[in-house]
Amino acid sequence: MTLSTINVHHFRNIDYAKLALSPHFNFIVGDNGSGKTSLLEAIYMLGHGRAFRHAQSNRIIQHEQPELVLFSEIKNTNQQVHSIGLSKSRNNENKIKIDGDEGFRLADLAKLLPIQLVTPEGFDLLSGGPKYRRAFTDWGCFHHHPEFVQLWNNLKRLFKQRNALLKQAHSYKQLLPWDKEIAPLAEKISQIRADYLQHIFPQIIQTCRDFLPEYQLNCQYYQGWDHGINYSEQLQKQYDRDKLLNYTTLGPHKADIKLRIDNIPVEDLLSRGQLKLMMCALRLSQGEYYSKQNSQSCIYLIDDFASELDHNKRDLLAKRLKLANSQVFITAVNQDQITHMIDENDKIFHIKSGIIS
Ligand SMILES: Nc1ncnc2c1ncn2[C@@H]1O[C@H](COP(=O)(O)OP(=O)(O)OP(=O)(O)O)[C@@H](O)[C@H]1O
Ligand SMILES: [Mg+2]
């Protein structure tokens, strides 16, 4: 999947931009505050309905404007063309158009536009809480298992009801009808996640070996409760604690991926640059697996490509991105940082105070 064009209206400091894009590498070069990350956010928003730095539309819509509008033509590997449009108002209302028709949901955009994002904020994937690694896992589950989102929404609704019931319950018996519905759903979700991760862990480990040959990464999936015990037993076992806290303490909503080297969590061991490479390894492995399974490639957004990386590591990452044979957007404050990566089919955009040339 590639974007052939993008139109951006009233998005942060970009008043209006209409760009014809390269299906290969697109470099966005400009000074601090020129609008580079904003352009990446606009692309990300087309595939997610929200920006990655702020969820609130008020922060993203250009000051003094009532709404932002994004429009793009996308092409898949069969050369089929779709037009997608998204507008967002100050009260967070989305209007989505696909091929001129309205009434689509954000999930429809997300299916059409699989995006992998690498940003300075993205270190959360390694050093933030489990929710970031669950989001990573669930991105894959969403794209590879069509039923996943519905199952997950059903489970969230049941957990909400269970947690409300915990406040009133006098004995575990009262929760049983809920737990009978919850347990198989939770097991199913956990199985989908385990299946997906089992496929990408070897790829992540191999990519880490390519990027950081001095380390041997170990990846483990934690399903959110003890392995070896089924979830209905677990729910019963944790009842007293759940009752005390009015909250279902263990379950798929607590799942995580444990990333360790020599039994030390990677965020406690690695340097910033090494963590950045590790983050890229995770994103690239996920994107490459997606491409293999769907014969469609992901779009990669790499904000501030050069930061934290020495020359060799920049080269390594650039070569790997070229091999991914995907559309890539890379920002840099200085053209020198990216000159060695530019091929004849790539495009460079210069941006100054929101104006792109
Ligand atoms: N809602 C908004 N309306 C208008 N301008 C905004 C809005 N939100 C942010 N800006 C401005 O947009 C500018 C561009 O920010 P952006 O983060 O895209 O810059 P950048 O080129 O990525 O800079 P850096 O190199 O420092 O990362 C900022 O100077 C900011 O003041
Ligand atoms: Mg920036």
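K36 lies in helix α1, helices (H or I, at least four residues) and strands (E, at least two) being DSSP runs numbered from the N terminus. The model is predicted, so that local features need pLDDT of at least 70 and side-chain atom pairs count only at pLDDT 80 or more, while totals for chains, interfaces and linings use all residues. Residues are numbered from 1 along each chain as its sequence is written, chains are lettered from A and ligands numbered from 1 in the order in which they are written, and side-chain values use heavy atoms, with hydrogens and water left out.

K36 is buried, with a relative accessible area of 9%; buried denotes under 20% relative accessible area, exposed over 50%, and partly exposed the range in between (1.4 Å probe, protein chains only). By contrast, N32 is exposed, at 71%, and is found in the loop between β3 (25-29) and α1. Both N32 and K36 fall under the "binding site" annotation of the unreviewed UniProt entry, which also covers G30, D31, G33, S34, G35 and T37. UniProt positions are given here in the numbering used for the model, with feature names shortened, and such annotations may be inferred rather than shown by experiment.

Around ligand 1 there are 17 residues, of which G33, K36, T37, S38 and R53 come nearest; a residue counts as near if one of its heavy atoms lies within 4 Å. The shell comprises three nonpolar, nine polar and five charged residues. In this grouping Ala, Val, Leu, Ile, Met, Phe, Trp, Tyr, Cys and Pro are nonpolar, Asp, Glu, Lys and Arg are charged, and the others, Gly among them, are polar.

Backbone atoms also approach the ligand. A polar backbone atom of R59 is 3.0 Å from a nitrogen atom of ligand 1, and a polar backbone atom of S34 is 3.2 Å from an oxygen atom of ligand 1. Taken alone, ligand 1 exposes 660 Å², of which the protein buries 71%; accessible areas come from the Shrake-Rupley method with a 1.4 Å probe. Two or more residues of the shell are given by each of α1 (36-48) and α2 (57-60), and α1 gives the most, with three.

Helix α11 (residues 272-294) has 23 residues, which at 1.5 Å a residue should span 33 Å, in agreement with the 33 Å between its end C-alpha atoms. The expected span is 1.5 Å times one less than the number of residues. Because 19 of the 23 residues of α11 are buried, the helix is largely enclosed by the rest of the structure. S295 follows α11 and has a positive phi, near 45°.

Technical notes:
Polar contact = N/O pair within 3.5 Å; in protein donor to acceptor, adjacent residues only side chain to side chain.
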